[in-house]
Amino acid sequence: MADTRIRVAVVGGGIGGLAAANALRHRDIEVTVHEQAPALGEVGAGVFLAPNGARQLQRWGLWDDVVAAGARLGEGSTYFRQDGTPVAPILTTDSSGWNAVFGMHRADLIDILARPLPAESLLTGHRCTGFEQRDDVARLHFGNGDVVEADVVVAADGIHSALRHHVVPPSMPVFSGSVAYRGLVAHESVPEWPTGASRLWMGEGKHFLVYPVRAGTLINYVGFVPSDEQTRESWSAPGDPDALRAAFAGWDPRVEDLLGQVETTYWWGLYDREPLPTWSAGRLTLLGDAAHPMLPHLGQGANQAMEDAAALATVLAHADRASAPRALQVYEHVRRERTSAVQRGARENGLRYDSSYEDLSVRDAEIAASTEFRRWIYDHDAVTDAEAAIARL
Ligand SMILES: Cc1cc2nc3c(=O)[nH]c(=O)nc-3n(C[C@H](O)[C@H](O)[C@H](O)COP(=O)(O)OP(=O)(O)OC[C@H]3O[C@@H](n4cnc5c(N)ncnc54)[C@H](O)[C@@H]3O)c2cc1C
């Protein structure tokens, strides 16, 4: 009897692509990840893990690794005005009270996701240069001359996705008008900083976010400032620590003291895109930033990519080679509306954080009320959602 089990090729070995590989392997689906870089890696910065992403990592057997490598964020997590006036607590649980909110070093999360994958299913030095498909198979071409056939291709190749134009016409990214200065400071150089709390200061046109990572040994900061200079999307380059300090001069002394310890910082232009009208064409689908790049003002880009991975694996587990394209339609049906709402929500939160309000008490009330939207995000289980969609078919 012919083997009808699906073979999946993932393009991109970032958080989204590696999450997809874990989710698919969890469902016993054959998967290979192709990453262009010669080795997996990430910049020295943090990523905020929320219950909706943590729920999937737990499902894939990675919970203990997250607890060991992360810094759990809880009591004391607070929004402030720029002068240090407290505005509201930051939500650090889902509605059941599950405190699965962590600051993670990005490299640690990549490592946690890559470790369970067999070496032969994770191919670095593979830059995808071409894609074609027939009814029964998809084919990828790589810069190193390799050609790979698969039943499903997942483009998890980020905001610059080289494969997206096979699904939708090319479009322009939207520059937010802000750049993010990001970096890490050793906790021992700022010993008074809490190792179990996140803090966010909001000022005019700027905001400053701090949370610990790597079991509290490092403190991650992100300073969001306006810029006319349109850097390349997600372009990360060394920034000037003095320019960063100048941008937040006169803010809460806790912010100034932390910035006094900064020796190196990286600069990241903040872009998103309008929600796409479709994510799939035949045997090709998009995942993570390739599908829905969003501003970081809800800390949800990576978490939504993990949700995508979980939903995709759930629908493909119910498909075979012939029905795989139909399964991809179900996947995007389950995911598009939700990720569009999070993309929009991230833009709105950016306006709140940057204090774009005549009356700041209105903004403060909205920040307090935004807990409701956060709950909607945190309570979600992408697998339950995908299973419900399959049951309705
Ligand atoms: C300042 C800032 C802070 C953020 N903070 C958070 C946060 O706290 N929480 C959160 O959830 N999200 C956060 N995000 C968003 C999050 O980082 C991304 O949404 C997430 O990493 C998406 O991952 P991805 O795998 O889809 O894309 P990427 O991380 O961009 O990975 C794409 C991968 O594909 C590879 N690739 C590209 N082209 C090719 C090709 N042709 N062939 C082969 N490989 C290719 C790349 O080398 C890369 O490894 C933040 C973003 C910013 C800008």
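Helix α7 gives four residues to the shell around the ligand, the largest share. Please keep in mind that this is a predicted model.

**Around the ligand**
- The ligand has 35 residues around it, and those that come nearest are G12, G14, G158, G288 and G301.
- Two or more residues of the shell come from each of α1 (15-26), β3 (46-49), β13 (174-186), β18 (265-272) and α7 (301-316).
- By residue type, the shell divides into 16 nonpolar, 14 polar and five charged residues.

**The sheet of three strands**
- Strands β3, β7 and β4 form an open sheet in the order β3-β7-β4, and their pairing is antiparallel.
- On the edges sit β3 and β4 (71-72), each of which pairs on one side only.
- Two bridges link β4 to β7 (residues 102-105) in the antiparallel sense, and R72 is found opposite F102 in β7.
- Helix α4 (residues 106-114) packs on this sheet, where it touches β3 and β7. The direction of α4 makes about 85 degrees with that of β7.

**The sheet of six strands**
- This open sheet runs in the order β8-β2-β1-β12-β20-β19, with mixed pairing.
- Its edge strands, β8 (122-123) and β19 (280-281), each pair on one side only.
- Strand β2 (residues 30-34) runs parallel to β8, and two bridges join them.
- Opposite H34 you will find L123 in β8.

Conventions. Residues are numbered from 1 along each chain as its sequence is written. This is a predicted model: local features need pLDDT of at least 70, side-chain atom pairs count only at pLDDT 80 or more; totals for chains, interfaces and linings use all residues. A residue is near a molecule or strand if its C-beta atom, placed from the backbone, lies within 6 Å of it. Ala, Val, Leu, Ile, Met, Phe, Trp, Tyr, Cys and Pro count as nonpolar, Asp, Glu, Lys and Arg as charged, and the others, Gly among them, as polar. Two strands pair if DSSP finds at least two bridges between them. Two residues are in contact if their C-beta atoms, placed from the backbone, lie within 7 Å. Axes are lines fitted to C-alpha atoms, for helices over the stretch in contact, and angles run from 0 to 180 degrees between N-to-C directions.
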